[in-house]
Amino acid sequence: MKSIVALSFSFILILTLIPLAVFLTSAVNMPTPTLISNGTWEYSAYTTGKKEEIEALAPTVIPVMRYADDRLEEIDLEDYVKGVVASEMYPSFEMEALKAQAIVARTFVLYSLQSSEHVLDTVMDQVFRDEGQLRERWSADFDGYWARITEAVDTTEGLVVKYDGQLVETLFFAMTNGFTENSEDVFGGTRAHLRSIESPWDTGVPNFEVETEFTLQNFRNALGDSSLTVSDIAILSRTPGGRVAEVQVGNTTMRGTQFRSALGLRSADFRVTSRNNLVVITTRGSGHGVGMSQHGANQMALAGKTYADILRFYYQGIEIVPNH
């Protein structure tokens, strides 16, 4: 009798545990719910045992091509963001600027991975250095700097920039010339969140305006014309952001961005003069001018602006939300 009762009990227990195990397995594989309104959460899909589909919704591991070693390394998302913020922005910048950069870096990589299998650790995507590289770079300052970077990333964990509910390309650069640029005037392709705006925050920053001198021969070599003189250079048009759109170089018309690249200039907002048999090029600002100005972000933070203020200033019509 005891054996019959025990057998019956075992059978009932098995029937109970099997569905429970199936439920728990499915629950582990459910994607993270998305907050669609205050207090309302929605599961966009359910998967059973398809881990890669869940990770595709919000990847937590970033495949990074380490250029110097020619190897692919998988790095935790938040660790990756720390390495980018530490490499792309001065760690001594204001905390709110560092937080803004963290959100920008996180958004940029997640956006990029929608169309690429990996990202590079160079300026072709975002510069990334790991803790070992940063220790070597910062030396005795490492502990203090790393603590600031960690605070900026940890306090903004998971936050991204979206436009119309979608991740966007969060371009950034060092310093404006007083204005940012429309995306199509620099890279081609109109992006609604990357519009030219006035950015007076940068104008008082050291090295806002810089002179670069070239010998006439070096100037000619860089532009591929052995007969050029300063009088052969004429700026034909400028963008809404004040950078050179087209410039006449001898018998050739070049884009301002091409001229800048050929001569290694800080900015495409330039003017060309001569002095003491040298070609003198004066530039304003630094970088391509599209998206967030890092020095502008720092100046805004110094004026009491938050990371949200900074991001909404440089990226129009965006929302800052958790990436679910």
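Strands S6 and S7 (residues 166-167) pair in the antiparallel sense over two bridges; strands pair if DSSP finds at least two bridges between them, and strands are DSSP E runs of at least two residues, numbered from the N terminus. The model is predicted, with local features needing pLDDT of at least 70 and side-chain atom pairs counting only at pLDDT 80 or more, while totals for chains, interfaces and linings use all residues. Residues are numbered from 1 along each chain as its sequence is written, and side-chain values use heavy atoms, leaving out hydrogens and water.

Within this pairing, Lys162 has Leu167 in S7 as its bridge partner. Two residues lie between the strands of the hairpin, where Asp164 has a positive phi near 55 degrees. S6 (residues 159-163) also runs antiparallel to strand S16 (residues 319-322), joined to S16 by four bridges. Val160 is opposite Val321 of S16. Four of the five residues in S6 are buried, that is, under 20% relative accessible area with a 1.4 Å probe and protein chains only.

Strand S5 (residues 119-120) includes Leu120. Leu120 counts as partly exposed because its relative accessibility is 23%, and that class lies between the buried limit and the exposed one, over 50%. Its C-alpha atom is 4.8 Å from that of Met65, 55 residues away along the chain. Beyond neighbours within four places in sequence, Leu120 contacts Val64, Met65, Asp125 and Gln126, where contact means heavy atoms within 4.5 Å.

Helix H5 covers residues 131-138; helices are DSSP H or I runs of at least four residues. At its start, a side-chain oxygen of Asp130 comes within 3.2 Å of the backbone nitrogen of Gly132. Just after H5, Ser139 has a positive phi of about 55 degrees.

Key:
Polar contact = N/O pair within 3.5 Å; in protein donor to acceptor, adjacent residues only side chain to side chain.
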